[in-house]
Amino acid sequence: MKVIIFDFDGTIADSFAAVLKITNQLATEFGYAPARPEDISRLKNLSSREIVKQSKVSPLKLPFLLQRLRGELNREIHQLQPIAGMKTVLLKLKQQGYRLGIVTSNSRENVIAFLKAQDLNSIFDFVGSGLALFGKGRVIQRMLRRHHLNPEDVIYVGDETRDIEAARKIGIQVISVSWGYNSSQALAAENPDFLIHQPEELLQVVEK
């Protein structure tokens, strides 16, 4: 049975505007420049590591920044909506017999609250969360071991270059989606197995 593991923010949940707002609010506290509207296109074309490097936030501070971001996002999680068309696609994949999971840098609490609000909590077999910004590979591996999954049967779906990096490290296929935090250009530069532009394309890709 094919297992499809999804990133959350920007892949399932349309959280970009909320995350941008909160990140800008935390800029002074963590010592980086807030993003202006004219910066957004340029930032989306950068890899995840390039964005972190450009922010000049100390790697030691990143887990604390992520924790604060999670906490602030919890206040807005019930207002977030799925990416247009994604809910229908997720329900179809479940109906077709695929096992579905989520691995994210967001908190498990936030993800569960979102899924319950959208009546999607029953379709996911597991939700894994990790605080390290570039630690998704380890979380995915933990989920594979816990649920006795063969990496050859697993595909990861994400919207950032770090999702591609995580999948590559543990030897699973990756579908990159262009509707999230990184642009098509940035994602294509990392050579994902598949690059798609509409949620409905997921149905075609996983059949292959």
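Which helix gives the most to the positive patch? Helix H8 (residues 136-146) does, with three residues. Helices here are DSSP runs of H or I with at least four residues, and strands are runs of E with at least two, numbered from the N terminus.

This is a predicted model, in which local features need pLDDT of at least 70, side-chain atom pairs count only at pLDDT 80 or more, and totals for chains, interfaces and linings use all residues. Residues are numbered from 1 along each chain as its sequence is written, and side-chain values use heavy atoms, leaving out hydrogens and water.

The positive surface patch is made of Arg108, Arg142, Arg145 and Arg146. Patch residues have over 30% relative accessible area and no salt bridge, and like charges are joined within 9 Å. Arg108 sits in helix H7 (residues 108-117) and is partly exposed because its relative accessibility is 47%; buried means under 20%, exposed over 50%, and partly exposed in between (1.4 Å probe, protein chains only). In H7, Asn110, Val111, Ala113, Phe114 and Leu115 are buried.

Now for the salt bridges. Side chains of opposite charge can pair when their charged atoms come close. A salt bridge is a side-chain nitrogen of Lys or Arg within 4 Å of a carboxyl oxygen of Asp or Glu. The whole structure holds 14 salt bridges, including these:

| Salt bridge | Closest N and O atoms |
|---|---|
| Glu38 and Arg36 | 3.6 Å |
| Glu72 and Arg68 | 3.2 Å |
| Glu160 and Arg162 | 3.2 Å |

Glu160 and Arg162 are both buried. Salt bridges that share partners join Glu29, Arg68, Glu72 and Arg75 into one network.

Notes:
Patch = residues over 30% accessible without salt bridge, like charges linked within 9 Å, V, L, I, M, F, W, Y side chains within 5 Å. Areas by Shrake-Rupley, 256 points an atom, 1.4 Å probe, with all protein chains shown as cover. Lys, Arg positive; Asp, Glu negative; His and termini not counted. Charge placed at Lys NZ, Arg CZ, Asp CG, Glu CD.
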